[in-house]
Amino acid sequence: MAGLGERMSKQHSAVLLCSLLLASLFTSIPATAAGPPAQIVISTPSTTISSDGVLQMEATLYDALNNVADGEITWSASNGTIEQSGLFFPWSAGQVTVRADHGGFNDTVVVTVVAGFGQSIEINTTEQPRAKFPFTLQANLIDSHDNPRPGNDVVWTVDGTYIGQGEPAWTPPSLGLYEVVARYDQLEKQVIMEAIAGDPYEFVFPENLILRSGEGLQLYPDLIDSYGQKMNNTLAGNKVWDVENGTITPVGYYYASAPGIWNLSVRAGAIWGNSTIQVVPADASIVEVQITPHADVYVSGEVYRLDAIRTDSQGYSSAVPIPIANWSVNNGILSQVGNEVHWTPGQAGEFSLHVVDSDVPASINVEVMHGSADVTRLVPSQSSVSAGVQMALVHQAMDSFGNVWQIEANITQTDGVFASVDIFASYVSVMPKQIESLGFSANYLDPSTGVLHQSQWTDEISPGRLAFIELPESGTEVAADSYLEFNPLFMDAYQNIIPYVAVNWTIAGQDRTLEIRMADGKWFPTETGEHEIRANADGVFAAVRINVVPGTGTSLMTDADEGLTIEAGVPSDLFVELVDVHGNTAPAESVELISGDFVLFDASSSGRGFWQLTGITSGTYDLELAQGDAKHTLPLTIVPGQAVRVITGMANETRSQGEVTLITVHAEDSQGNRVEVNPERTSLSCTSGKATHVKSDTWEVELEEAGSDRSCTVTWNGLISQQFFDVESVLLSGALGSTNTAVSIIIGLLLMIFIVLVVLIRRGNQKGNEGDWDEEEFYDVSEDVEEQLTDAPDIVAEEPPSTTVQPLPSQTYTEPELASDLRQQLATKAGQVGVMQAAPGTNQGETGWYVDASTELQYWNVGSDGSWTRAQ
C-alpha cells in the first residue's frame with residue numbers, strides 16, 4: 001500500500017507540473033524579433049504628380065518571413081530631388097525613376113511627372129498660316145520648371161476678333177499680317193503671323209481675253225493655290241506655253257492671227273493653266289461692267305445699279321441697257337426696275353458679276369460685307385458651363401441675310417458672384433468656380449440705324465472635373481457579418497459636389513469594382529483586420545483604412561478546448577475567443593459561466609479575452625460558457641491545491657491503556673479539498689506510545705500511557721497538527737491489555753482455582769470415607785479436569801463497568817484574561833492550521849496557556865523531550 005500511495009503522489013505531481021507548464025505557455029511566449037532585411041518595398045499614394053507638387057513615398061524593409069525590419073534607407077531619383085525621408089520634389093516632366101536602397105537590396109518605382117501650373121504662354125510659330133486654309137492655333141503653358149503643357153483652355157483672338165478656346169481652327173480670310181493674341185487667366189502672349197498662299201495649284205488667266213487680229217498681248221497668268229489665292233507665278237518653275245492659233249514667245253507674249261476663240265495653256269512642272277483667248281476683228285466692240293454707286297466693299301442688303309459699258313473700234317464708250325437675262329451673279333438678288341438692273345448683295349465674301357453683250361462677255365469681282373445689325377446675341381464658346389473650365393462669351397450681331405460678326409457692346413454682369421470675370425469690348429472671359437447662376441447682358445446702339453439692341457445670356461454652372469473623392473473616415477469599424485456603405489462624396493477643385501461618378505474600387509490590392517457596384521456601393525467584408533480601400537475615378541485617387549471587427553459570435557473557442565487542469569485555490573487564465581459566421585475570432589469580453597459552484601469565474605487582468613478560473617472543489621467537470629447565443633463546453637479538471645493544514649482523526653471514541661488505535665492523517669488545501677500526505681515525509685509522534693505507519697494515510701498508535709492529556713503531533717511539508725485524546729487507565733497498568741481483557745483473565749483464573757478446590761474437596765471426601773489420604777493422588781488431576789483447566793482462559797466473563805482514572809491533583813495556575821474577540825480569533829486560526837495557538841504571554845511551543853479550536857483556554861507543560869502534558 002505504501003508503494004501505491006507513492007505512485008499516486010508522483011502522478012499528481014506530474015499532472016500539476018504539466019498544468020503549470022501549459023498555463024505559462026500562453027503568457028510567456030516572447031514576441032518573435034524581426035530578422036535581417038531581405039527585401040525593400042516602396043509604397044506611394046500615387047504614380048502621377050504635377051511638377052509643382054511634392055510626393056511623399058515610404059519604403060519598408062522586410063525580413064525573409066515578411067516581418068517589418070529596421071534599417072537605413074537611401075533614396076535617389078533620375079530627375080528631381082528626393083529627401084532621405086522619401087519626400088520627392090519633381091523637376092522636368094516625363095518618366096522619373098525613384099529608387100530606394102538598403103545594403104544590397106533596392107526597389108524602384110516609376111513616377112509620371114506632368115507639367116504644373118502655367119507661368120507663361122508660348123505660341124507655336126513653327127508653321128505659317130495659309131490664307132483660306134484652316135490653321136490650328138496652338139500654345140503651350142510653361143510652368144515654373146520650363147515644362148510645357150498643352151494650353152487647352154487658352155482663349156484666342158486675331159486682330160481683336162475672338163477665334164476660340166484651346167486649339168481652335170482659324171482660317172485667315174486673306175493674305176497678309178495678323179495680330180494673334182493668346183490669353184489664359186492673367187497671362188497673355190502676342191505674336192504677328194503672316195498668312196501666305198497655299199501650295200501652287202494652277203495657273204489662272206484673266207477672264208475674257210480679247211484682242212484684235214494682228215495685235216499682240218503680254219500674258220501674265222496668276223499662279224494660285226486651291227482657294228484661288230495669288231502668289232508669285234515664278235514659284236512653279238519655268239513655263240512652257242502652248243496656243244491653238246497664233247504665236248507665243250517663251251516669255252508669254254502672244255501675237256494674234258486669225259479671229260476666233262483659241263485654246264491657250266501654260267505648264268510648269270505639274271502645274272497647268274488653261275484658258276481661251278478671243279481674237280476679234282479690229283473693229284470689234286468691248287463691254288465693261290459698272291456698279292453704281294461704286295464702292296470698294298459693298299454692303300449686304302443695300303441696292304446697287306448694274307450697267308454694261310460698250311466700247312467700239314473707234315474708242316467710244318457708253319452704257320447700254322442689257323436684259324436681266326444677260327446678267328448672272330453667284331451672290332445676292334437681281335431685280336429689273338424699268339430699264340435698269342438692280343443688285344442686292346447677300347452673303348459676305350468675294351464674288352463675281354457676269355454680263356454678255358452681243359456675245360461679248362464681261363465680268364467684275366466684288367467684295368461684300370455684312371449689312372446693318374438686325375439682331376444681337378451673346379454666344380458662349382462652350383455648350384455647357386463647368387466650374388474650373390475657362391469660357392468666352394462673345395457678343396455677335398446678325399443682319400437680315402444671316403451674316404454674323406463680332407461687334408463691340410456695353411457688356412455687364414447681371415448674376416453670379418464667385419466666377420472670375422474679365423469683360424472686354426466685344427467678349428467676356430469667364431472662369432467659373434462655384435455652382436451658381438451666371439448671367440450677362442449687352443447693349444448695342446447701331447449707329448447706321450439708330451436702333452438699340454439688347455441681348456442677355458444666363459446659364460447654370462455645373463460642377464467641374466472631379467478633383468477629390470471623400471470616403472468614410474479612416475478607422476471606421478464594420479462588423480464582418482455586416483456591410484459598409486461607402487457613399488463617396490465627389491467634388492471638383494472648388495469643392496462643388498458632383499452628383500455621381502463611376503468609381504473603380506480596390507480593397508487590399510484586389511479589384512472589387514464589380515462586386516461593390518452590383519451591391520449598390522456596399523462592401524460586405526469577410527476577413528477581420530485593417531483593410532486599405534482605394535477609390536479611383538477619372539484619374540483621381542482616394543484611400544482610407546477600414547477596421548473590420550468580428551461579427552456576432554456564433555460559437556466560442558478557448559485555448560484549452562481539449563481539456564483544462566487547474567489547481568484549487570490558484571487562479572488560472574483561460575483565453576476565450578468569439579467566432580463569427582466567417583470564422584473570424586475576437587477576444588470574448590462578456591463571457592458568463594452557465595452553471596457550476598465548483599469554480600470561480602471572473603475577468604482576468606491579463607488582457608482582453610482572458611478569464612480567470614479559481615478552482616473550489618476538486619474533481620472532473622464540464623465547464624459551460626456562454627456569450628450571447630454562443631455557447632461552449634470544455635472538460636475541466638480541478639486538482640487539490642497547496643496544502644494549508646493537516647487534519648488528523650482517530651478511529652475509536654474511547655481508548656484504554658494497553659490497546660492500539662488507528663489515526664488517519666491527511667491535508668486540506670485553502671478550499672477544503674483533501675490532499676494526500678506523503679508517509680515517507682510525514683513525522684508522527686504520540687505521547688501515549690509508539691506510532692507505526694500501516695498504509696496510505698493510516699498509522700497505528702500503541703496506548704501505553706493513560707491520561708486525559710495525551711496527544712499526537714503530525715509534521716508534514718512544513719505543517720503541524722496535534723490530535724488530543726484521553727486514554728483510560730486499566731488494571732496492572734495495561735499489562736494484560738484493556739480492562740475488559742484483564743477482568744476476563746482474572747475471572748478465568750478464579751474459576752480454575754474454584755474447580756481445583758472442588759476437585760480436591762471431592763477427592764478428599766472420597767479418601768476420608770476410605771480412611772486413607774494419598775497426598776500424591778490429591779494432587780493428581782485427571783486428564784478431563786486438566787483439559788478443562790486449560791480451556792478456562794477462553795471463558796470471557798461479562799465485562800464489568802469501565803472505570804476512569806482521575807489525574808492527581810496538580811498546581812493551580814492563574815488563567816489570563818482574554819477578550820472574547822481575541823479568543824475567537826485564536827480559536828479560528830487553531831482550527832485552520834490544526835495546532836493550538838499560544839495566548840498572549842506564552843511563546844508558541846513552550847509551556848503556558850493555549851487556546852484550542854473550541855475557544856477553551858488550557859495550560860500545558862512542554863517537556864524537554866517534546867512531550868505535552870495538560871496541567872489545567
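This is a predicted model: local features need pLDDT of at least 70, side-chain atom pairs count only at pLDDT 80 or more; totals for chains, interfaces and linings use all residues.
**Exercise 1.** Determine whether R183 is buried or exposed, and describe its surroundings.

*Solution.* Begin with the location: R183 belongs to strand β18, which covers residues 176-184. Next, take the relative accessibility, which is 18% for R183; since buried means under 20%, R183 counts as buried. Then turn to the side chain, where a polar contact of 2.9 Å links R183 to the side chain of E188. Finally, with neighbours within four places in sequence set aside, the residues in contact with R183 are I121, D153, V154, V155, T157, E188, Q390, F424 and Y427.

**Exercise 2.** Work out the strand order of the open sheet of three strands, and explain why one side of each edge strand is left without a neighbour.

*Solution.* The order is β69-β72-β73, and the pairing is antiparallel. The edges are held by β69 (682-686) and β73 (719-727), and because each has a single partner strand, one side of each has no neighbour in the sheet. Neighbouring strands are turned against each other by 15° on average, direction ignored. For the pairing of β69 with β72 (residues 707-716), five bridges join the two antiparallel strands, and T682 is found opposite W716 in β72.

**Exercise 3.** State how much space lies in the largest pocket, and identify which elements give two or more residues to its lining.

*Solution.* The space in the largest pocket comes to about 1,200 Å³. Its lining consists of 33 residues, of which V114, A115, R149, R465 and L466 are the closest to the centre. The elements that contribute two or more lining residues are β2 (48-50), β14 (148-150), β47 (466-470) and β56 (540-549).

Technical notes
Residues are numbered from 1 along each chain as its sequence is written. Side-chain values use heavy atoms; hydrogens and water are left out. Helices (H or I, at least four residues) and strands (E, at least two) are DSSP runs, numbered from the N terminus. Buried means under 20% relative accessible area, exposed over 50%, partly exposed in between (1.4 Å probe, protein chains only). A polar contact is a pair of N or O atoms within 3.5 Å; within protein, one must be able to donate a hydrogen and the other to accept it, and residues adjacent in sequence count only if both atoms are side-chain atoms. Contact means heavy atoms within 4.5 Å. Two strands pair if DSSP finds at least two bridges between them. Axes are lines fitted to C-alpha atoms, for helices over the stretch in contact, and angles run from 0 to 180 degrees between N-to-C directions. On a 1 Å grid over the protein atoms alone, a cavity is a set of points where a 1.4 Å probe fits but cannot get out, and a pocket is an open set with protein on both sides within 12 Å along at least five of seven lines; lining residues have an atom within 4 Å of a point. Grid points are joined across faces, edges and corners, and a volume is the space filled by probe spheres set on the points.
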